[in-house]
Amino acid sequence: MSVIECNGLTKVYGGTKALNNLSFKIEENKITGLIGRNGAGKTTLLKIIAGLIKETAGELKVFSEKPFNSLQVSANVIFLHDQMNLPTALNLKELLETAASFYPNWDRELADRLLDYFSLNPLQHYNGLSKGMKSTFNMILGLSARVPLTLFDEPTSGMDAAVRKDFYRALLKDYIAYPRTIIISSHHLNEIEDLLEDILLVKEGKELHHMPVADLKEWAIGLQGNTAVIGEWTKNKEVIYTKSIGIDQSYVVVRNHFTETEGQRARNAGIDITPVTASDLCVYLTSKTKGGIDDVFNKG
Amino acid sequence: MSLTKVSLTNVVKKQYVYKLKAYSQVFMSLIFLQLLAVFFSLNGVGGMAGGDESIDVEVKYFSSDYVTAFTMLWGFITAILITTKAYRNDDFVFVTNRVSSNLSNAVFLLTASFIGGITAMLSSYLLKVIIYYFISDVPIKSTTILEAPLELLLGIFSTFLYIFLFCALGYLVGTLVQISKAFTVLLPAAFFGGLILDGLRGKSGAIAYVFEFFFTESSLPLFIVKIIVSAGLLFSGAFVLSNRLEVRA
């Protein structure tokens, strides 16, 4: 069963298209990473899925229903982001109690234990928390609610490295015990790639790739060697990224269409073949130019 | 994970309970405003004085009219307040849609008006006590609760309805402002412009007529119908207008 079905989704904000004809499907009980640059439309997409904003054109269905103004979707989706507006009059404990009253699967014990583990004072108010602690509290809300579709938008923003690690581990443990559909948008792909099953890569409001992480890791390879030799080898290949190293050395990332023998011949010609990490590949794929920031400084 | 089924009434109920707790600040402002109004009333709301060489007569009227007026204003402002982003977006953290959010707001305002109505009416007793002990030793002619319990109940009920009417008006005004910030200028301009225009023409216009329509009704059933229908219309207007509002930070 598809949890989310999206067809030609477009959202226009004052003239610019935050989402531009986006189409994809997300299956049940998978952890999907929503990856893209700043302004690629990740948050907009999550907001539409959560029913906070309405699409301009196209169709999006969550649990076979349009999310905007749907009580069923709202009851089965929780959306955590760093601009959450929580009632200021309630302290953390009261906020958790309120959440418990709304979500039938709420795990009170887990919430209390997490709150205790991350040393959050139950009598404190959400607005008095630091950025990282707010994110930590959001995560507690998201995990304890145990709703069929959990959306995390930049869940680790502001968290320190230790808390980030704890978060990934907590998420995985709870997911294994209670499988559910989770979408995480994050800039730290290298940290979460072991957690993810699928990756949805968006660029300028469009779907670039939607595939399992394992496939993405094999999707491209990096070639390094003499510029002239590399140029010869990559002539008819799909070049994703190029970088010059030193005077006549370059590093080029191409689509992985190499066969075993081809790879051997390349190595014999003095080319180093290295795998490209999913994280790096996503950066290359979502970049506007083939040369990255170097192009800005190379005036010639 | 299996899907949860929810009903509108169930969600509205939960939201109402949560709002009573989360919006508790509005009751603090109610107490503050009513105390302020009691303070203003200590000088009397009206009176006359006269006499000759051997006698001085001073007549002062004390009433809780100020308190009631302040409470109506409080209802209006509270209703505007809960339509603002800070409060509206709170709902969207938990389970909600726009209909349930509006309905629970309406029920909350109904409760708030009721509490406001009771405290406004009871404030007249506070006023009497303060005047007796601190201002004048002259006992004030007044009816006790036991003498005329029905009058007090009637007073509470009609005050409650007036406050609720103001809440409904405030809710619509607040919703309009949420739709476009232009209304923050347009609505006061229309209201005060209308008053000034009426003053210049020397005739009573629409605003005066509206006041007359609600505040001079002598038949209780008719008064109840007027308020319920008007508040219903104001709320439905707000519901329809806000049903497409997006949640933006």
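Reader: What separation lies between the centres of domain 1 of chain A and domain 2 of chain A?
Author: The centres, taken over C-alpha atoms, are separated by 35 Å. Keep in mind that this is a predicted model.

Reader: Where does each domain run along chain A?
Author: Domain 1 covers 2–204. Domain 2 covers 216–297.

Reader: How many residues does each domain give to the contact?
Author: Domain 1 of chain A gives 10 residues, and domain 2 of chain A gives seven residues.

Reader: Which elements of domain 1 of chain A supply at least two residues each to the side that touches domain 2 of chain A?
Author: Two elements of chain A do: α7 (189–192) and β8 (198–203). The largest share, three residues, belongs to β8(A). By class, that side of domain 1 has five nonpolar, two polar and three charged residues.

Reader: How do I read a pair of packed helices?
Author: Two numbers describe two packed helices: the angle between their axes and the distance between the axes. Take α3 (residues 65–83) and α6 (residues 149–179) of chain B. They pack at an angle of about 35°, and their axes are 7 Å apart.

Reader: Is the crossing of α3(B) and α6(B) left-handed or right-handed?
Author: The crossing of α3(B) and α6(B) is right-handed. Residues from both helices make the contact. From α3(B) they include Met72(B), Gly75(B), Phe76(B) and Ile80(B). From α6(B) they include Tyr162(B), Phe166(B), Leu169(B) and Val173(B).

Reader: What is the make-up of that contact by class?
Author: The contact of α3(B) with α6(B) has 12 nonpolar, 10 polar and no charged residues.

Reader: On to sheets. What should I picture for the side chains of a strand?
Author: In a regular strand, side chains alternate between the two faces of the sheet. Next, read the strand order. One open sheet in chain A has four strands in the order β11-β12-β10-β13, with antiparallel pairing.

Reader: Why are β11 and β13 of chain A each left with one side without a neighbour in the sheet?
Author: β11 (239–245) and β13 (272–275) of chain A stand at the edges, each with a single partner strand, so one side of each has no neighbour in the sheet. From one strand to the next, the twist averages 20°.

Reader: How many bridges pair β11(A) with β12 of chain A?
Author: Six bridges pair β11(A) with β12 (residues 249–255) of chain A, in the antiparallel sense. For a landmark, find Val239(A): Val254(A) in β12(A) stands opposite.

Reader: What is the strand order in the open sheet of three strands?
Author: The order is β2-β1-β4 in chain A, with antiparallel pairing. Here β2 and β4 (57–62) of chain A stand at the edges; each has a single partner strand, so one side of each lacks a neighbour in the sheet. The twist in this sheet averages 15° from one strand to the next.

Reader: What joins β1 and β2 of chain A?
Author: Eight bridges join β1 (residues 2–13) to β2 (residues 16–27) of chain A, and the two strands run antiparallel. One landmark is Ser2(A), whose bridge partner in β2(A) is Glu27(A). β1(A) and β2(A) form a hairpin with two residues between them. In the turn, Gly14(A) has a positive phi of about 45°.

Reader: How many other C-beta atoms lie within 10 Å of Asn21(A)?
Author: The count for Asn21(A) is 14. A residue is buried at 20 or more and exposed at 12 or fewer, so a count in between means partly exposed. Asn21(A) is therefore partly exposed. Asn29(A), with 15 other C-beta atoms within 10 Å, is partly exposed.

Technical notes
Residues are numbered from 1 along each chain as its sequence is written. Chains are lettered from A and ligands numbered from 1 in the order in which they are written. This is a predicted model: local features need pLDDT of at least 70, side-chain atom pairs count only at pLDDT 80 or more; totals for chains, interfaces and linings use all residues. Domain bounds come from an automatic or database domain assignment. Two residues are in contact if their C-beta atoms, placed from the backbone, lie within 7 Å. Ala, Val, Leu, Ile, Met, Phe, Trp, Tyr, Cys and Pro count as nonpolar, Asp, Glu, Lys and Arg as charged, and the others, Gly among them, as polar. Two strands pair if DSSP finds at least two bridges between them. Axes are lines fitted to C-alpha atoms, for helices over the stretch in contact, and angles run from 0 to 180 degrees between N-to-C directions. A crossing is left-handed if the near helix is turned anticlockwise from the far one by less than a right angle, and right-handed if clockwise.
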